[in-house]
Amino acid sequence: MAAGKKYKILFVTSELFPFVKTGGLADVSSSLPQELSELGHEVRIVVPRYGAIDTRKFKIHDVVRLKNFSLKLGEKEALFSVKSSFLPVSKNRVQVYFLDNEEYFGSRKSLYVDILKGTWYEDNYERFTLFSRGVLELVKKLGWAPDIIHANDWQTALVPAFLKTNYQNDEFFAKCKSLFTIHNFVYGGEFAPEAFASTGLPDAFKSDDFIIHNGRMNFLKAGIKFADHVNTVSPGYRNEVLNDPSMTNGLATFLAGKADAFSGVINGIDKGVWNPATDKFIVKNYDLKSIDNKSVNKKNLVERFGFTFDAALPLFSMISRLYDYKGIDLVAEAMPELMKLNIQFVLLGTGEMKYKSMFDEYSKKYPSKFACYLGFNDELAHLMEAGSDFYLMPSKHEPCGLNQMYSLLYGTIPIVRKTGGLSDTVIGIGSGEPNPTGFVFEEYSAQALIEKVKAAVELYKRKDEMLALIRNGMKCDFSWQLSAKKYTELYKKVYSA
Ligand code: GLC
């Protein structure tokens, strides 16, 4: 156990692995608290109890004294209760609370998007206002005053705002400081200004200096303005957002105003979950000494997708939300060219309807070359990381990105665009740096992507060179230990400020 003050940390998040996940935030929300508790801190997590969470499977139970909370959302009264469980994978039994309200969370199978309409739920501002105020009421009821509240993304951005306004004179929170982590600026949490009324924040803050941005209510701005410290998930992305106002919808000015109270901390990965030597979801485990076993996974994977296994064909994979900022527009444009190559390509993901139908069409047109699974499938994601030769991640912007790190550790060579966390974690062949681990291209164009895929096809024929790259990747250290120490330093900085 490391020396230094141990903090009481309340980690507030809108998704949490293994209970409920749509993206990397869920992974971080599970692994960072675990690592922090290894360092001796007392961490408790709060997440909404969505209908998608299997309460029975995860032994989530009611707590008698955590029932019948009531809050005002503007004119409406919202009731909620809190359920309890632990992170199943944690050694130190990290406590998890689930904020439960049937209307806003329990009745929703999906987290943020109305699946039937294909649009965001219209009442997202109310849902996450309830969540953000609810967590403060929860800790008061528990009598557990956190030293730090660590909020994540727009869904919890109002927590720092409430602390500095409605709860400012509340003795209970007198020493409590806040850290706000932005995992992606693409999601701003923007709503019509009328949404402000339901927050219950003092009217004085309904202005451009605080929560209104370009005429809209902006949750991220609230977090940026009120948190004691703001960070994002890689140093590279931090610098990009400061230098390119279009990436933050103009919020960069306020970030720059925070000076060194805005930092970049790269995520780690959870080796208890993502490790080819122990992964339970893959067909054959392997490590640096038994890389040959990887091909057993490849065979299983291609057959699962209905292809014929041919060791001479390189297998490319991609696991992604199907949105432009992930570079899906490049992949779409590159598809005709990629389908002329002697490759196999599998894709897992969900997102924009136009991309779902497009990929579906391609899988019908090229059944021996391209296949996709249009949805979430965690188990399949593991097998894809283990069974593929190359992994595509051509993101336009990537705050951190976890799949490129999973790929490296699974001996699957990443092909990434030089942006944010991707450029912080993948060393490009030909970059002049020692021990390259993948392909890195800079220009955001389908052509640049196609060129790297072609280079990968060539590399696949040069077995020794390919193996050297794989080995470099598998030797990378992306453990959370380092990042958790950086977060501890941040906690220390804000707590003692
Ligand atoms: C978001 C970002 C991704 C990051 C993850 C965890 O999903 O898009 O880059 O890895 O959050 O921080």
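**Notebook: strands, spaces and a ligand**

I began with a turn. β4 and β5 form a hairpin with two residues between them. In that turn, Gly74 has a positive phi of about 65 degrees. I noted how elements get their names: helices (H or I, at least four residues) and strands (E, at least two) are DSSP runs, numbered from the N terminus.

This is a predicted model, where local features need pLDDT of at least 70, side-chain atom pairs count only at pLDDT 80 or more, and totals for chains, interfaces and linings use all residues. Residues are numbered from 1 along each chain as its sequence is written, and side-chain values use heavy atoms, with hydrogens and water left out.

**Entry: the partners of β5**

I looked up pairing next. Two strands pair if DSSP finds at least two bridges between them. How many bridges link β4 and β5? I found five, in the antiparallel sense, with β4 covering residues 69-73. Ser70 in this pair stands opposite Leu79 in β5.

β5 also pairs with β6 (residues 95-100), over six antiparallel bridges. There, Val82 stands opposite Leu99 in β6. Strand β3 (residues 61-62) pairs with β5 as well, antiparallel, over two bridges. His61 has Ser84 in β5 as its bridge partner.

**Entry: a three-stranded sheet**

I then found an open sheet of three strands. Its order is β11-β13-β12, and the pairing is antiparallel. Why is one side of β11 and of β12 left without a neighbour in the sheet? β11 (190-191) and β12 (212-213) stand at the edges and each has a single partner strand, so one side of each has no neighbour there. β11 and β13 (residues 216-218) pair over two bridges. I checked Glu190: its bridge partner in β13 is Asn218.

**Entry: empty space**

I turned to gaps in the protein. Rolling a probe the size of a water molecule over the atoms shows where empty space is left. The search runs on a 1 Å grid over the protein atoms alone. A cavity is a set of points where a 1.4 Å probe fits but cannot get out. A pocket is an open set with protein on both sides within 12 Å along at least five of seven lines. Lining residues have an atom within 4 Å of a point. Grid points are joined across faces, edges and corners, and a volume is the space filled by probe spheres set on the points.

I found one cavity of 30 Å³ or more. The largest cavity holds about 80 Å³. Its lining has 13 residues, and Asp27, Ser31, Asp270, Trp274 and Tyr406 lie nearest its centre. Which helix gives the largest share of this lining? Helix α1 (residues 24-38) does, with four residues.

I sorted the lining by class: eight nonpolar, three polar and two charged residues. Here Ala, Val, Leu, Ile, Met, Phe, Trp, Tyr, Cys and Pro count as nonpolar, Asp, Glu, Lys and Arg as charged, and the others, Gly among them, as polar.

The second largest pocket holds about 880 Å³. It is lined by 35 residues, with Phe17, Val89, Asp270, Gly272 and Val273 closest to its centre. α1 gives the largest share of this lining too, five residues. By class I noted 11 nonpolar, 12 polar and 12 charged residues.

**Entry: the ligand**

I then looked for polar contacts (a pair of N or O atoms within 3.5 Å). A ligand oxygen is 2.6 Å from a side-chain N or O atom of His183. Another entry gives 2.9 Å from a ligand oxygen to a side-chain N or O atom of Asn184. A polar backbone atom of Cys400 is 3.0 Å from an oxygen atom of the ligand. Taken alone, the ligand exposes 310 Å², and the protein buries 95% of that (Shrake-Rupley method, 1.4 Å probe).

A cis peptide bond joins Phe17 and Pro18, with omega about 5 degrees. Pro18 is in the loop between β1 (8-12) and α1. Ala259 has a positive phi near 50 degrees, though it is not glycine. I placed Ala259 in the loop between α8 (252-257) and β15 (262-264).

Key. A polar contact is a pair of N or O atoms within 3.5 Å; within protein, one must be able to donate a hydrogen and the other to accept it, and residues adjacent in sequence count only if both atoms are side-chain atoms.
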